[in-house]
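These notebook entries record what I looked up in the model shown here. I worked from the whole chain to single strands and residues.

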Amino acid sequence: MRILPAAVATAALFSSMVLAAVPAAADTSVPIGVDSVLDTVVDGAHQQLYMSGNSAIAVVGYTGKVVRTLTGLSGVSDLQLSPDGGTLYAAVTGADKIVAFDTATLAQTAEYPTGDGTAPRRIALTEGRIWFGYGDQWDSGLGEIDLTADPAAVTLDLAGAHDFATTPMLYADPANPDTLVALDGGISSGPIVVYDVSSGTPVIRVTANEGGFYRDAALTPDGQSIVVAGPGNRAVTEYRLSDLQEVHEYPVKDEPETVSVAPDGTVAATALDTENTGDTYVFPAGAGAPASVRNLSNEWMPWGGHSTVWSADGTKLFVLTGSSGSTQFHAVNEPRKYEAKLTAVAPATATRAKTLTVKGTLTTGLVPPAGTPLNVVRTDLLSPSGKSLGIKALGAKGAFSFTDAPPSGGSVRYTVTYAGDAAHTSASASDTVAVTRATPALTLTNNHKTYDYGKKVVFTAHLGATYTNRTVEIWADPYGGDKPNKLLKTGKADSHGNLSATVPMSRDTNVTAVFKGDSRYSARTVKSTAYAHAKITSSLSKYYRTGKIGSTRYYYFHKKTDAVVNTTMTYYKGRKERLDLQIYSKGKWYTTDSEYFKLGTNGKCAVNLGHPGTSGVRARVRAAYIDTSSGDNVNTTTYGAWSYFYFSN
């Protein structure tokens, strides 16, 4: 109760100071291979928890790792740790006994049969005695194991004047050694019964019907009160054991499921949370102050077992959430602090150097006062590691806003941080604005030009006005999947804004100029596509001489000798040449055939054109690469020179 005023004073004192965010110890959440937990107790000496369920006891470290499983415990339910921490007692319902384990070795050290058919489910410890609730429905009762006797003596039917309708839930505390509390939890008319056990035989001291259907309960550290979860109201309730009068209500937003009380008296509880608004409540300043609420799970909280416990020193809170097959183990490392959550909302877009507004809210169970400092950092192209914009003050009801005129364009992120204090966890939020940048002028020469095979062509990029960056990259990406995009040159544009690179044109090529932008000018890429002819040479063989007909040189063949044309063409996988054959007649050339022939891997191809068998035939042939039709598209369409030939006698 003394923490909250100190926190308020601290926030006011620091409201005009620059605070670095000091993150709170991070809570953890890990999956755990334990389902249907009925009871959980904490062993502070060995830094572990014991969880009962599914006929076994899981031994779990503070990190949520199951380090060992004690099996063969049919229907094991309630667990209790001896006051010295050396012995773990477990009610083994299906075997009609209570067993004891050494917490140092986890070896079973004793077992205490309670009688055939007794089915002990609930246990509590007082000096020298194990009290156990047994039976089912109206056959339920209260029993005792006297550990001071040799052998230990079992006594049943000790409920006194009260007839339990369900197995009694039992609670005892060494701080109040003569008191045993029993809750008749499974019926609406079930009371809380307080027994005086100083004589060894329970005597009812006080009883009161507080609504029945109790889900869970825990004694306060002094043993003088009990805090009860249930029935289905929206609070856990503390009752004084001397007269069972209500002392406090600790409000929750849904039906309470579990409750645990820390050594300093701090109450923690979980609620069913059907609306997913918050499932775990801690009351660091008592029932009169708002709860610190955390939403550990998006599912309904598990019911039917005690699965929320404080660490032995009260610094951590352990909570199980989820259902069978998806159970999560949560360690809340600063449970007494109010969990703070920040939102920050900036415009989606903005104009560089123009004022924009960032708004947000700090949400927590106990809102810090107006003036609480928030640290703001802007991250952009000018300040990639972040630039502090100083401290902004929290406004009324946790709202805040501030303005800024971003000097840089591009993606600008605003990060708002609340450092936290003695009563609140730290929190941080950010949002990103797309700030406009000018588009720079960028051009590249030689677009859509065609060049001879092997021609060395100079491509020149021209960059217009920019702010700080004058670097341009020139890339060449030849057609075809076997050659990658390659950086030809990178450098600063000269005093005229130009940067040039040379491309040997062996294939059609996409050449790009890239400017990566700066804080005032956006990135830009321009492309020129230039085309390259294929290289083609052809020759005829088997001719017997050459001579001119008119001004054209012909190759002469005997009329019965086959003419063979030999072609060499730049090779690409799967490439074919096209041969065009024409005959001269009556003063004109007529195409008689066009046919594709596959090139060898060396780019060569020899084709027999045959012979006419008569003299006086004039013909010509040429090789061509036809873009796409020749089997690929890495060059532009190229026609070789005509070879002229004549058949004579």
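The structure is a predicted model; I required pLDDT of at least 70 for local features and 80 or more for side-chain atom pairs, while totals for chains, interfaces and linings use all residues. Residues are numbered from 1 along each chain as its sequence is written, and side-chain values use heavy atoms, without hydrogens and water.

**Entry 1. Confidence**

I looked up pLDDT, the predictor's confidence in each residue on a scale from 0 to 100. The chain has a mean pLDDT of 94, and 96% of its residues reach 70 or more.

**Entry 2. Whole chain**

I counted secondary structure as DSSP runs, numbered from the N terminus: helices (H or I) of at least four residues and strands (E) of at least two. The chain holds one helix and 54 strands.

I then looked up the overall dimensions. The C-alpha trace spans about 140 × 65 × 40 Å along its principal axes.

Of the 649 residues, 48% count as buried. The accessible surface comes to about 29,300 Å², with 50% of it belonging to carbon and sulfur atoms; the areas come from the Shrake-Rupley method with a 1.4 Å probe, and for residues only the protein chains shown count as cover. Among contacts between residues at least 6 apart in sequence, 54% join residues at least 24 apart.

**Entry 3. Sheet β6 to β9**

I treated two strands as paired if DSSP finds at least two bridges between them. An open sheet of four strands runs in the order β6-β7-β8-β9, with antiparallel pairing. β6 (76-81) and β9 (108-113) each have a single partner strand, so one side of each is left without a neighbour in the sheet. The twist averages 20° from one strand to the next; axes are lines fitted to C-alpha atoms, for helices over the stretch in contact, and angles run from 0 to 180 degrees between N-to-C directions.

Within this sheet I looked up β7 (residues 87-92) and β8 (residues 97-102), which pair over six bridges in the antiparallel sense. Ala-90 has Val-99 in β8 as its bridge partner.

**Entry 4. Sheet β22 to β25**

I found an open sheet of four strands in the order β22-β23-β24-β25, again with antiparallel pairing. Its edge strands, β22 (256-261) and β25 (292-294), each pair on one side only. The twist here averages 20° from one strand to the next.

Antiparallel strands β23 (residues 267-271) and β24 (residues 280-283) are joined by four bridges. Opposite Val-267 I found Phe-283 in β24.

**Entry 5. Strand β35**

I next looked up its partners. β32 (residues 373-379) pairs with β35 in the antiparallel sense over five bridges, and Val-377 stands opposite Thr-415 in β35. β36 (residues 427-435) also pairs with β35 in the antiparallel sense, over nine bridges; there, Tyr-418 has Ala-427 in β36 as its bridge partner.

**Entry 6. Backbone exceptions**

Most residues other than glycine have a negative phi, and most peptide bonds are trans. I looked up the departures from this.

A cis peptide bond joins Asp-150 and Pro-151, with omega about 5°. Pro-151 lies in the loop between β12 (141-146) and β13 (153-155). Another cis bond joins Gly-230 and Pro-231, with omega about 5°; Pro-231 is in the loop between β19 (225-229) and β20 (235-240).

Ser-36 has a positive phi, near 50°. Ser-36 sits in the loop between β1 (28-31) and β2 (39-43) and is partly exposed at 47% relative accessibility. Asp-157 also has a positive phi, near 55°, and lies in the loop between β13 and β14 (169-171). Asp-157 is exposed, with a relative accessible area of 67%.

Notes. Buried means under 20% relative accessible area, exposed over 50%, partly exposed in between (1.4 Å probe, protein chains only). Contact means heavy atoms within 4.5 Å.
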